[in-house]
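The report below describes a zinc site and the domains around it. Please read it alongside the sequence and the structure.

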Amino acid sequence: MAENSLPPHSRRMGAGHRLSVLVPRPFDGPLDYRSDRPLAPGTLVRVPLGRQELTGCVWDSQPSHLPADFRPPSKGRVIAFEKLRFITGVLEHVPPLPEDLRRFIDWVAAYGLSAPGMVLAIALRAPAQAGNMKPAMGWVRKAGPLPESLRLTPARKAVLAALESRSPSSTAMLSEESGASAAVIRGLANAGVLEECLMEAPTLTERADPDHAPPTLSDEQAEAAEALVAGVEERAFNVTLLEGVTGSGKTEVYFEAVAACLRQGRQVLVLLPEIVLTAQWTDRFERRFGIRPAIWHSELGQKTRRETWCAIAEGRQQVVVGARSALFLPFAHLGLVVVDEEHENTYKQEEGVLYHGRDMAIVRARLVQGAVILASATPSMETLVNVQKGRFRHEVLEARHGAAQMPEISLIDMKENGPERGQFLSPLLCESIEERMKAGEQSMLFLNRRGYAPMTICRACGHRLQCPHCSAWMVEHRRRRILACHHCEYTQPLISSCSACGAQDSLVPIGPGVERIHEEAQARFPDARLLSMASDTLTSPTAMEEAVRKISNKEVDLIIGTQVVAKGWHFPDLTLVGVVDADLGLGGGDLRAAERTMQLLHQVAGRAGRGTKPGQVMLQSYAGDHPVMKALLANDFISFMEQEAAQRRPGFWPPYGRLAAVIVSAPKERQAEELARLLAMHAPRGEGIQVLGPAPAPLALLRDRYRFRLLLRTRRDIALQPLLRRWLDGAPRKNDARIDVDVDPVSFM
Ligand code: ADP
Ligand code: ZN
């Protein structure tokens, strides 16, 4: 490890400096340590904690940059200087965390009531690993003339000659090039001729060329692009919603803003809602800018992760595309953040540190005086309201690019025209698929449900197979021959007799998942080449790339998939999209069910007819009168969103008010309920403040914990965080019972 161990004699009583160090542990704030020399905030250090040693970050002592409302209570006890423990080392070769990133970490923690150390942990995932690895070191020739005393042996000459051609060079590279041994190289270093330095990763230093291959934009596109470029050129914080129908060229348009930012020499971050989309996106980026951008997501290897992290910190890497965790990268001079498909729920981190990637992208950009572009065909209610209030700018693309037309959407009334019992594809939909196949075009069947069947029931006794750890049905996955709970990791092998009454062969699957649709399609279209796309079958980005390649090469007639097929794919020969169960998302009735269903269905519909051939979308539904179906058929989202707004406004539901979910959970139902009731009794009160509940959470049992939910709702002008802090800080700590807070909840499970 690259560390400076501190000589013991310097650890005298009273010597040294007090340092605030944030460590990746769930404390309220940084801890105090002692160091022999002053270290600037941002420096990564090794510190002892209990019997462990951790990588932490030297932190600023006062979070004065946070709004007073957010500020965590100031630290209580100050430890006497003499009692402080010494830091054990400094990560000399890892760039420090820049100030704006430290501010951002504090902000995310304060907003979501998370421990700042746990937010830091996200930012440290790469460099902390780097701290445990020796960075790649190389040799350079020290400046100045050679020392007169130096004996220039042939081996030494060869080393110096090799360094002329490539510098810095690692020991291995040098000895291969020169034929000299490592000892010779070491000898030159000892003689003061060579100097050690960090090897840079050469693949990461290519520059993107903003003028590599710009497209010819339509008038509408050019106008929007100009506005986005202006936003970047202001070099001040601003947010623009780029709203454009599917296939209107939003990517091409925001690429112009990316180009503008590159010309300024500032860095760009592009967030995508799913990592599987990065491959197609990176290809497009390369065609436009001549190089591949850096990619950032949880599945990167350690080495790539470390190199990318350093390259971003040192400003060598200009463009990063990635998942929401890329917000925590140490950009040297970030100028633009793009959030593509900004309405997507996947931007919300639902485990560990909770945060919304879109909202935090805006916070991140504000801290660096950068521009933000939110792109979507179906913007979220939150964003639309911000546009209305004048907080965000708005650019609109009305038409699909080139000859492509919006697809024609129709509804199949399943009450009238449904299939026979036990089947799920209506005759009308099947005929259309048949026609597309004859014409040599591709079709897609969409069902947002993994597995074979969502529920299994015993014909003899009516028993339904349920997860022993959750209030959820076991989902049959026939191909993997298991029953799986979709809320915890529990699985069991398929069984042939009922676990309640013991009847043999009495278990029947109820309802379809994609596997069952695949089976039905196989039976109906025996000659079709089928491809399944579901998050549990295509698990890696490479598997997804392979699937995408097959579709693009027309090796597939019919695609059957879940959520993943709905995303931003561009398949020009895909002309028919069939939605197997358009009503699926409407159940459960949470705040955003209708909005979410509309966005998802519009997005999947948008996969049809993106090339020159017209597209068609068929929605199988039992609820043709529902506002969501009407909006989709009429292609009228504005009215739909207005209706939604009208429902949310009076009760101060988001975005017209603020909301936080408080989940109380415990292994015993009574424990959880008691604590939830106690919380309710001490709930904040006042004008514009309301607490709903407690009530059993929709997922009343999850991983063997019983869950009760309270909702705190306030008017927009009342900050939630201080209310929550005061309320929950006062809550009794009960063994085994836990309180989790979710500010701006997206999921209501
Ligand atoms: P969106 O993101 O709005 O759904 P895309 O940016 O994916 O749309 O554009 C759809 C297709 O049209 C892509 O293949 C894109 O390359 C192409 N396209 C859009 N605008 C242009 C343009 N001005 N010149 C050439 N191709 C374009
Ligand atoms: Zn479970």
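Does cysteine 488 count as buried or exposed? At a relative accessibility of 11%, cysteine 488 counts as buried, where buried means under 20% relative accessible area, exposed over 50% and partly exposed in between, with a 1.4 Å probe and protein chains only.

This is a predicted model, in which local features need pLDDT of at least 70 and side-chain atom pairs count only at pLDDT 80 or more, while totals for chains, interfaces and linings use all residues. Residues are numbered from 1 along each chain as its sequence is written, chains are lettered from A and ligands numbered from 1 in the order in which they are written, and side-chain values use heavy atoms, with hydrogens and water left out.

The zinc ion (ligand 2) is held at 2.3 to 2.4 Å by the SG atoms of Cys467, Cys470, Cys485 and Cys488, donors being N, O and S atoms within 2.8 Å of the metal (3.2 Å for Na, K and Ca), and since water is not among the atoms, sites may look incomplete. Along the chain, these donors of the zinc ion (ligand 2) follow the spacing C-x2-C-x14-C-x2-C. Cysteine 470 lies in the loop between β19 (455–458) and β20 (475–477), and cysteine 488 in the loop between β21 (482–484) and β22 (491–493), so the pair ties together parts that are 18 residues apart in sequence; strands are DSSP runs (E, at least two residues), numbered from the N terminus.

| Residue | Relative accessible area |
|---|---|
| Cysteine 470 | 0% (buried) |
| Cysteine 488 | 11% (buried) |

By an automatic or database domain assignment, the protein includes domain 3 (219–397) and domain 5 (454–511), whose C-alpha centres lie 43 Å apart.

Technical notes. Helices (H or I, at least four residues) and strands (E, at least two) are DSSP runs, numbered from the N terminus.
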